[in-house]
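Here is a walk through a single model, taken one site at a time. Keep the structure open as you read.

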Amino acid sequence: MKNAFTGVEVFRYNPETDKEPWWRSYRLPRENYTVLGALQYIQEHLDPTLAFRYSCRYGRCGLCAVLVNNNPALACQTNLQDGMKIAPLAKLPVLKDLVIERRTILEALQKHALYPEMGIEECKGLQEPLHEPEEAALLRGCLECFSCLSSCPRYDFPGKGFAGPYFFVRLAQLHLDPRDRQDRFLQGREMGIEQCRECAKKCRCPAGIGIFENAIKLFLQHDNERL
Ligand code: FES
């Protein structure tokens, strides 16, 4: 008889009670679950202590990003398969089970001043339609899921000396924003973007943003031309 269950392994870690992370296996009735659906089933029916994050359930908020078989993915957009291993995003501190710490990264946006710096003229024009270059549209889908940081070979939390791909996407968005007055090329160098030259473009984006092609390359090409 065909196996009526799907087996998954889930990373477990409670820093308050566990010395080390551990894996727990669960068996779910065989149905067409997404990974998020499976986690919800586990929490509701098998283990209420399992912690994970989500909000929209349709690929918009980025909060459900986890590692599925070692690759970053949105849990709500990934179909469950037998034998999958589900873990928190790598390289980021784990608060509990699949929940990573997001606050430090979001606070670093402020520290790096990654918001548009506008003069009075630009502020006056805020009611007008924004005329952005076409490339800006390629970066608009960032969900702030931090999968790119998790998959970047260079990134090391909290990103000292090398801010990491999530911040470089923000930097490119600002560079392409016609209202922004800051020299984002200089800022990119200060944030370590040069180190992306040696990388094999390994950072991954579940939303399909070409992080190297459409963001980082703008900065590296500019610096090539300067030399
Ligand atoms: S729950 Fe919002 S992207 Fe998955």
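Is F185 buried or exposed? This is a predicted model, and in it F185 is buried, with a relative accessible area of 15%. That counts as buried because the cut-off is under 20%.

Now turn to the aromatic pairs. The whole structure holds 7 of them. F146 is buried at 1% relative accessible area. Y166 is buried too, also at 1%. F185 and F219 form another edge-to-face pair, at 5.4 Å centre to centre and 70° between the planes. Here helix α6 supplies F185 and helix α7 supplies F219, 34 residues apart. F219 is buried, at 1% relative accessibility. F146 and Y166 also belong to one aromatic cluster with F167.

F167 leads on to M191, which has F167 among its contacts, along with F162, F168 and L171. M191 sits in the loop between α6 and α7. M191 is buried at 4% relative accessibility. Its C-alpha atom is 11 Å from that of F219, 28 residues away along the chain.

D97 is buried, with a relative accessible area of 1%. Its side chain reaches the backbone nitrogen of A51 at 2.9 Å. Other contacts of D97 include F11, R12, Y13 and P88.

Two charged residues sit over rings. R27 lies over the face of F5, 4.2 Å from the ring centre. The charged end of K85 is over the ring of W23, 4.4 Å from its centre.

Terms used
Residues numbered from 1 in each chain as written. Predicted model: local features only at pLDDT ≥ 70, side-chain atom pairs only at ≥ 80, totals over all residues. Heavy atoms only, no water. Buried < 20%, exposed > 50% of the residue type's maximum accessible area, 1.4 Å probe, protein only. Polar contact = N/O pair within 3.5 Å; in protein donor to acceptor, adjacent residues only side chain to side chain. Contact = heavy atoms within 4.5 Å. Helix = DSSP H or I, 4+ residues; strand = E, 2+ residues; numbered from the N terminus. Phe/Tyr/Trp six-rings, centres within 6.5 Å; stacked < 30°, edge-to-face > 60°. Lys NZ or Arg CZ within 6 Å of the ring centre and 35° of its normal. Lists of a residue's contacts leave out its neighbours within four places in sequence.
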